Amino acid sequence: MHRTRLLGVLGACFALVPLLAAAAASPPPAPLPPPADRQLARDMLKTLVEINTTHAHGSTAAAEAIRGWLLSAGFAPADVVLIAPADHPTKGNLVVRYRGRGRDRPVLFMGHLDVVEARAEDWSVDPFHLTEQGGFFYGRGTIDMKDGDAAIVESLIRLKRRHFVPERDLIAMFTADEEAGGDANGPAFLLREHRDLIDAAFAINLDGGGGNLHQAERSYFELGTSEKTYLTFTLETTSPGGHGSLPGPDNAIYRLADGLGRLERYRFPVMVTATTRLYFKKLAELDPGPMSADLLAIAADPGNEAAAARLSENVRLNAELRTTCVATLISGGHAQNALPQRARATVQCRMMPGDTAEHVAAQLVATLADPKIQMTQDAPPIVSPESPPTPEMLALVARVAHSMWPGVPVLPTMSTGFSDDRQTRNAGIPSYDVSGVWMDENENRAHGRDERVGVEAFDESVEFTYRLIEALSKAGAPDRRYSGR
């Protein structure tokens with residue numbers, strides 16, 4: 001998964017006003033790590049990017065590299081554990097424990113090591129070589145999410161060098177197969193087979209959240225608290241077929257097309273969660289423009305159909321308001337001169353937290369409104385609960401963010417994609433997405449060609465991660481203040 005970009009889509013509909021500009025205009029340079037730590041993090045990023053961790057190659061080599069760095073920094077071998085499923089030795093996961101005073105339950109930091117495939121012929125640079133060019137680091141995994149892995153490792157090593165003793169244990173896990181679904185390996189495997197190693201009060205996932213830049217200015221900072229989950233259906237119609245010169249009333253392609261047309265026009269009911277309600281309110285405060293009244297109205301009353309209809313004209317807001325289902329694949333017929341005997345379509349739904357597969361299926365059947373359209377569900381969804389956007393967690397993240405970027409607004413967000421959070425949330429570990437990387441609101445290169453992260457943005461993210469880990473190491477955090485050291 002990669003971090004969502006919310007304001008980028010909204011920008012076409014929202015005119016940024018002086019309130020928002022005043023919060024972000026001409027920001028002073030953010031604090032950076034000390035030069036030696038900055039270089040160490042960059043070296044780690046280079047090593048990790050240049051280890052091919054696509055599905056075919058696995059993650060064990062990257063896990064071994066991290067293990068070596070931590071052992072060299074003084075971590076005990078018993079606290080740096082490399083584990084792979086017995087039948088997949090190349091799919092290694094690494095768990096490290098930074099021992100504290102035990103005055104509270106541990107906090108868990110999450111990062112995945114695997115990346116999606118990258119074909120050299122599609123890129124302008126070698127995807128598995130870290131290339132610095134024009135103020136950016138290019139390479140597969142630079143933003144999804146080896147930058148976050150390097151930031152966590154460097155921060156733990158810097159704390160160890162300080163002889164820092166946290167009030168609670170700090171756990172970091174670097175996992176395999178997130179890009180492959182993560183249902184058998186990664187956090188799912190560790191929770192199933194080694195729960196004791198990663199059990200925690202809550203988790204921080206660097207595979208989401210972070211800062212949005214609008215025209216090179218800082219707009220707002222995201223704290224991810226929840227995510228949609230996917231649910232896939234196959235629709236199929238059949239008809240007798242026959243010679244193409246003798247068309248009749250029963251045509252599998254037309255029948256399926258008619259049903260899909262009804263689906264295209266259907267909108268699921270509005271659902272507002274604790275996260276999206278707070279998000280809509282804060283977004284309205286940031287930009288009191290034409291849509292702010294509708295945002296406030298829908299936050300107060302999800303049944304306000306007029307406000308929902310206007311907001312739904314924006315594709316991003318539509319996805320934040322409701323479960324969505326869309327046709328993504330279609331096939332039909334068997335010869336150009338024959339009437340079709342079969343037509344098939346794939347419909348993928350992105351389900352809101354709190355919605356159910358049974359409800360979605362029932363709505364689809366009612367919308368298709370044709371008993372001759374056969375519908376099957378491909379697999380049960382992995383539904384995960386919302387992690388509460390508590391004032392304490394928002395305040396702690398805001399304090400750390402403001403120690404780097406004074407005054408930047410911090411908003412809770414729901415991801416329309418999904419990540420390893422669904423595993424930890426379902427295991428009863430509240431999980432929050434927060435990265436220290438700032439990206440242009442319209443930048444979306446994760447999984448794509450010429451993936452990149454800004455050089456300065458990466459350096460800043462390393463410092464942010466270090467400060468965040470220290471802030472969360474306090475007993476009772478997120479209630480304690482960041483020390484600012």
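A residue is called buried when its relative accessible area is under 20%, and exposed when that area is over 50%. The model to which these terms are applied here is predicted.

Q: Why is S292 called buried?
A: S292 has a relative accessible area of 11%. The limit for a buried residue is under 20%, so S292 is classed as buried. S292 belongs to helix α10, residues 292-300.

Q: With which residues is S292 in contact, leaving aside its neighbours within four places in sequence?
A: With that exclusion, S292 is in contact with A284 and D287. The term requires heavy atoms within 4.5 Å.

Q: Is H163 buried or exposed, and how do you know?
A: The relative accessible area of H163 is 68%. Exposed means over 50%, and H163 is therefore exposed. H163 is placed in the loop between α5 and β6 (170-175). Its phi is near 60 degrees, a positive value in a residue other than glycine.

Q: What makes the pair of W405 and W438 edge-to-face?
A: The structure holds eleven aromatic pairs. In the pair of W405 and W438, the ring centres are 5.5 Å apart and the planes stand at 70 degrees. Rings pair if their centres lie within 6.5 Å, and planes over 60 degrees apart count as edge-to-face; the pair is therefore edge-to-face.

Q: Which parts does the pair of W405 and W438 tie together?
A: W405 lies in the loop between α14 (391-404) and β16 (410-415), and W438 in strand β18 (residues 438-440), so the pair ties together parts that are 33 residues apart in sequence. Both W405 and W438 are buried. One aromatic cluster is formed by F221, W405, W438 and F464.

Q: How do you know that the charged end of R218 sits over the ring of W438?
A: The charged end of R218 is 4.9 Å from the centre of the W438 ring. The distance criterion is within 6 Å, together with a position within 35 degrees of the ring normal. The charged end of R218 is classed as sitting over that ring. The charged end of K160 likewise sits over the ring of F75, 4.5 Å from its centre.

Q: What makes strand β8 mostly covered?
A: Five of the five residues of β8 (residues 210-214) are buried.

Q: Why are β8 and β9 called paired, and in which sense do they run?
A: Pairing requires at least two bridges. Five bridges join β8 to strand β9 (residues 217-227), and the two run antiparallel. L213 stands opposite R218 in β9. The hairpin of β8 and β9 has two residues between the strands, and Q215 there takes a positive phi near 50 degrees.

Q: In which sense do β8 and β18 pair, and over how many bridges?
A: β8 and β18 pair in the parallel sense over three bridges; the requirement is at least two. The bridge partner of L213 in β18 is D440.

Methods. Residues numbered from 1 in each chain as written. Predicted model: local features only at pLDDT ≥ 70, side-chain atom pairs only at ≥ 80, totals over all residues. Heavy atoms only, no water. Helix = DSSP H or I, 4+ residues; strand = E, 2+ residues; numbered from the N terminus. Buried < 20%, exposed > 50% of the residue type's maximum accessible area, 1.4 Å probe, protein only. Phe/Tyr/Trp six-rings, centres within 6.5 Å; stacked < 30°, edge-to-face > 60°.
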